[in-house]
Amino acid sequence: MPAGTEFDNGLVTVDNVPQSHKVSTVDLAVGEAVIRYGHTIGYALQPIPRGSWVREDQLRMPSAPALDSLPMSDAVPEKQAPLEGYTFEGYRNADGTVGTRNILGITTTVQCVTGVLDHAVKRIRDELLPRYPNVDDVVALTHSYGCGVAITATDAYIPIRTVRNLARNPNLGGEALVISLGCEKLQAGQVMHEGDSSVDLSEP
């Protein structure tokens, strides 16, 4: 953003500001807090005029609070009104979600098949994708869990749910292929099907 750019509220930049960087909306004195999204991100080491590019070398970082004193966040953002009159190019999935890319995702139930999956992804990318220009890519969703992972142990639902939710990314059509050996405790149906009662993925 070049110096001299004027915003709708009358603010005029006095510096060339790189994309995604910060601009001071008020005059800041030395020692004054720099507020971003309602939180202090630093204190001015020098006067920062309104419209200036705000850089890290101009700021003294606030002291990090002790971990034990950090409060639990309980702020619930207000529900925003739905956007109307806007469109974008995307894919509407059967489950109602919408993706912006059309990607084939393949996940696993066990880390032992990662080598097989990597080989499959390479062959699909090299041999099949050129024949299907409407498919953007193929990705492997791997993890490090072995065949004996205790799927009913305390908090085991967290990694299992993570694998499931990654596989249900809207850009994967809301579903994914699963590679499984069949001998591991975590089965493909337990990863992909929420109704499978053999493993409880609900938070205690």
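**Figure 1. Charged side chains of the protein chain in the predicted model.** The protein chain carries 25 negative and 16 positive side chains. The centres of these two sets are 5 Å apart.

**Figure 2. Accessible surface and burial of the protein chain.** Of the 204 residues, 25% are buried.

**Figure 3. Secondary-structure elements and overall extent of the protein chain.** The protein chain contains ten strands and three helices. Read from the N terminus, the order of elements is β-β-β-β-β-β-β-β-α-β-α-β-α. The protein chain is more spread out than a compact globule, because its radius of gyration is 25 Å, well over the 17 Å that the globule rule gives for 204 residues. Along the principal axes, the C-alpha atoms occupy a box of roughly 65 × 50 × 35 Å. Among contacts with a separation of 6 or more, 55% are between residues 24 or more positions apart.

**Figure 4. The open sheet formed by strands S2, S3 and S5.** The three strands of this open sheet follow the order S2-S3-S5, and their pairing is antiparallel. Strand S2 (33-36) and strand S5 (59-60) are the edge strands, each pairing on one side only.

**Figure 5. Pairing of strand S3 with strand S5.** Strand S3 spans residues 39-44 and runs antiparallel to S5, to which two bridges join it. Tyr-43 has Arg-60 in S5 as its bridge partner.

Note on methods
Residues numbered from 1 in each chain as written. Predicted model: local features only at pLDDT ≥ 70, side-chain atom pairs only at ≥ 80, totals over all residues. Heavy atoms only, no water. Helix = DSSP H or I, 4+ residues; strand = E, 2+ residues; numbered from the N terminus. Rg over C-alpha atoms; globule rule 2.2 N^0.38 Å. Buried < 20%, exposed > 50% of the residue type's maximum accessible area, 1.4 Å probe, protein only. Contact = heavy atoms within 4.5 Å. Areas by Shrake-Rupley, 256 points an atom, 1.4 Å probe, with all protein chains shown as cover. Lys, Arg positive; Asp, Glu negative; His and termini not counted. Charge placed at Lys NZ, Arg CZ, Asp CG, Glu CD. Pairing = 2+ DSSP bridges.
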